[in-house]
Amino acid sequence: MDPSSSARSRSMLALRIHRPGEALRAEDIAVQSPGPGQVLLRVAACAVCRTDLHVVDGELAQARFPVVPGHEIVGRVEKRGPGAERFELGARVGVPWLGWTCGRCEFCASGRENLCREARFTGCHHDGGFAELALADERFCFELPSSFDDASAAPLLCAGLIGHRSLRAAGDPARLGLYGFGAAAHLAAQVARFEGRRVFAFTRPGDVAAQQFARELGAEWAGGSDERPPEELDAAILYAPVGALVPLALRAVAPGGTVVCAGIHMSDVPSFPYELVWGERTLRSVANLTRRDGEEFLELAERAHLRTEIERFALRDAGVALERLRAGDVRGAAVLIPGDAP
Ligand SMILES: [Zn+2]
Ligand SMILES: [Zn+2]
């Protein structure tokens, strides 16, 4: 065997961040062997999430540095660690944010592993999918519906999943408001329409393109987040990480309504008069995901024929994709593709 090719096979391109606030660096780093129960995946696509921005900006206390971000990974099993038998070599799997849980605590034992205090998250506690290869615990991987190609499946793994969990947390609303019409909302809107709900979309004031996008996906009304919807809502979900939206959303929901904060990080919520939660309004968050959420949602994604709107970026351009996301300048979801520029 050509020694240079064997040397190449032991390292890979990864986009890594060393300290919060720094830029991602394209680096050649060593490929780790899969440990017990782990699989080594050849990454085919990795979607970019708002949470990746919170990691690189240092807004998540739990993140470890240096780290390779990325937690919406579609890859194929290249190598299996000791005892890893769930997937065949070459099988296509999805890797989400939830990378490991303790399996023993009160939360893990009661179907709420998303709240496990020892949970480890992909692209946060350990390296994620902004790379040519990635390791994952096979128990936390998902089988993916075959009707989605690699790049289209990637945004299902967080945007789709969190969209779904937040929609379930909103109860059974006939009139649903979505604040922040990005990757998660564009999938949640389709699920909501599939379930017969009426969708009202709120974007950054003046973002006519996002409002048009929301209408294309079935929103009956779209406007700026500073506007009141034409009628009261039964629930609202906040995908934008902007605490100032909380009182606005509470004002938009009817008595008994629910406001769900879906992001892992938000700017501070300003104080607001008690009357905004009076009338049995509920304000809550959703945190992370359970494996059961993933299985339910991926089945629903296929049944509802969800259409993931994606914009492709070369892996090397992960930093560009993050800045476009920060600027609100991505239609649907940004997806990184290793290899040549797509
Ligand atoms: Zn636990
Ligand atoms: Zn995410």
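This is a predicted model: local features need pLDDT of at least 70, side-chain atom pairs count only at pLDDT 80 or more; totals for chains, interfaces and linings use all residues.
Mentor: Local features need pLDDT of at least 70 and side-chain atom pairs 80 or more, while totals for chains, interfaces and linings use all residues, and side-chain values use heavy atoms, without hydrogens or water. Residues are numbered from 1 along each chain as written, chains are lettered from A, and ligands are numbered from 1 in written order.

Trainee: Which residues of α9 are buried?

Mentor: An α-helix has 3.6 residues a turn, so residues three or four places apart point the same way. In α9 (residues 318-326), Ala318, Ala321, Leu322 and Leu325 are buried (under 20% relative accessible area with a 1.4 Å probe, protein chains only; exposed is over 50%, partly exposed in between). They lie on the same side of α9 because they cover an arc of only 100° around the axis, taken from the directions from the axis to the C-beta atoms.

Trainee: What follows α9?

Mentor: Gly328, with a positive phi near 70°.

Trainee: Which protein atoms are donors of the zinc ion (ligand 2)?

Mentor: Donors are N, O and S atoms within 2.8 Å of the metal (3.2 Å for Na, K and Ca); water is not among the atoms, so sites may look incomplete. Here they are Cys49 (SG), His71 (NE2) and Cys158 (SG), 2.0 to 2.2 Å from the zinc ion. Their spacing along the chain is C-x21-H-x86-C. His71, in the loop between α2 (50-56) and β4 (73-80), and Cys158, in the loop between α3 (150-153) and α4 (159-169), link distant parts of the chain, 87 residues apart. Both His71 and Cys158 are buried.

Trainee: How many residues line the largest pocket?

Mentor: Rolling a probe the size of a water molecule over the atoms shows where empty space is left. A pocket is an open set of points on a 1 Å grid over the protein atoms alone, where a 1.4 Å probe fits, with protein on both sides within 12 Å along at least five of seven lines; lining residues have an atom within 4 Å of a point. The largest pocket has 44 lining residues, with Arg50, Gly182, Ala183, Tyr239 and Ala240 nearest its centre. Its volume, the space filled by probe spheres set on the points, is about 990 Å³. Elements supplying at least two lining residues each include α2, α4 and α9.

Trainee: What is the volume of the second largest pocket?

Mentor: About 410 Å³. It is lined by 28 residues; Gln38, His126, Asp127, Leu135 and Ala136 lie nearest its centre. β8 gives the largest share of that lining, five residues.

Note on methods:
Helices (H or I, at least four residues) and strands (E, at least two) are DSSP runs, numbered from the N terminus.
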